[in-house]
Amino acid sequence: MAIKGKAKMRGDVVQVKVLMKHIMETGLRVDATTGEKIPAYHITEATCFWNGKEVFRTNLGPAVSKNPYLSFKIKGPQVSDILNFTSVDNKGVTDSGDFVVK
Amino acid sequence: MCLRIFSAIFLYCLLSGVVWADPAADQTAFKNYFYKKFPEVPVGDFINGVYAIDQKRREQWLEIEEFPPYGIALDEGEILFNETVFLDGASYSDCFVDGKRSKKNYPYFDVKRNTVVTLELAINDCRVSHGEQPLKYKKGDIAKISAYLALHSRGEIIDVEVSGEAAINAYEQGKKYYYSKRGQLNFACVDCHVASSGMRIRAEILSPSLGHVSNFPVYRFKWGSIGTLHRRFSGCNSQVRAKPLPGQSEEYKNLEYFLSYMSNGLKFNGPSTRR
């Protein structure tokens, strides 16, 4: 699992882009050999932190993409600040990535 | 009298299977067709496929390239290439010494083995020669390693050599495959990617064949993952309801050889994103 991020300063707003690596199963697919439903496994929550403060949060459902790409804008961080992006999936597995605002 | 002699020689050649091959002339004709059909496209831009001929798709693609979906595969490919240790202690760098790891060295015709050698084939040759199992040829690790090597080959010029009887024969096999109709839908590669290039196929626009091989491996949205050129070939076969062939089969290698030669002079720009 991995999270890659990029943050760019545009005026007084930071444009953040993240790519989260995740298998993503909706829970609706059926295993061809066993006939059983493959259990749902996807990111449920993704949060961006700046100096320990939560500046962005999204709740995601089973329709989320495999390896989801997310782009959003936030105000507050400045160039050279470090942003942390953390994700949690429905099994409680967390993943995290840090990147610098440029 | 002259005509009789000429006909006799011609018939003899046909019957004996002598090939009147002129790859250089083929290449010139191929390129000129596309230069004439898409006069507004700068020659070097054909490596961008459909994005060279459609403005809207180009804009979407440029935005995607700011944070490309093949990024994850690249990171993994880098680790695979640099950190894999084979059973006998060797690594990929032992086979792919500095000059040899660039895509500009592939494909080439290996006279000794009497076959076309592609980058993916070379990757597995390396593995097998050091006691490892070969990787599958269409997706997964081989595509990730290929993506990493492709990234570092960006800007290199495609310069495939086709000389010598055996190599010319492989080239001609590839060319024959390209121009032959196949599948239940009875399409040849040329039908979509030359004759119908720039036209629509359902919701998509058909890309010109010129520059096709430069940007592989690609992250294709349809696949949701990165894949090799031979993966795309097998997809194309399936689409016309022809039987897809195994990756690195003689047909696909010869086809890659032919297509790469057609794109000589253009720059490598892999890995890339396609739909």
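**Two helices of chain B**

User: Which residues in α5(B) meet α8(B)?
Analyst: From α5(B) come B:A73, B:L74, B:E76, B:G77, B:E78, B:L80 and B:F81, meeting B:D141, B:A143, B:K144, B:I145, B:A147, B:Y148 and B:L151 in α8(B). Contact requires C-beta atoms, placed from the backbone, within 7 Å. This is a predicted model: local features need pLDDT of at least 70, side-chain atom pairs count only at pLDDT 80 or more, and totals for chains, interfaces and linings use all residues. Residues are numbered from 1 along each chain as its sequence is written, with chains lettered from A and ligands numbered from 1 in the order in which they are written.

User: What angle do α5(B) and α8(B) pack at?
Analyst: About 95°, with their axes 7 Å apart. Axes are lines fitted to C-alpha atoms, for helices over the stretch in contact, and angles run from 0 to 180 degrees between N-to-C directions. The two helices are therefore roughly perpendicular (65 to 115 degrees).

User: Switching topic, how many helices and strands has chain B?
Analyst: Twelve helices and seven strands, taken as DSSP runs (H or I, at least four residues, for helices; E, at least two, for strands), numbered from the N terminus.

User: What does its C-alpha trace span?
Analyst: About 70 × 50 × 35 Å along the principal axes of chain B.

Definitions and conventions:
Angles under 35 degrees count as roughly parallel, over 145 as roughly antiparallel, 65 to 115 as roughly perpendicular and the rest as oblique.
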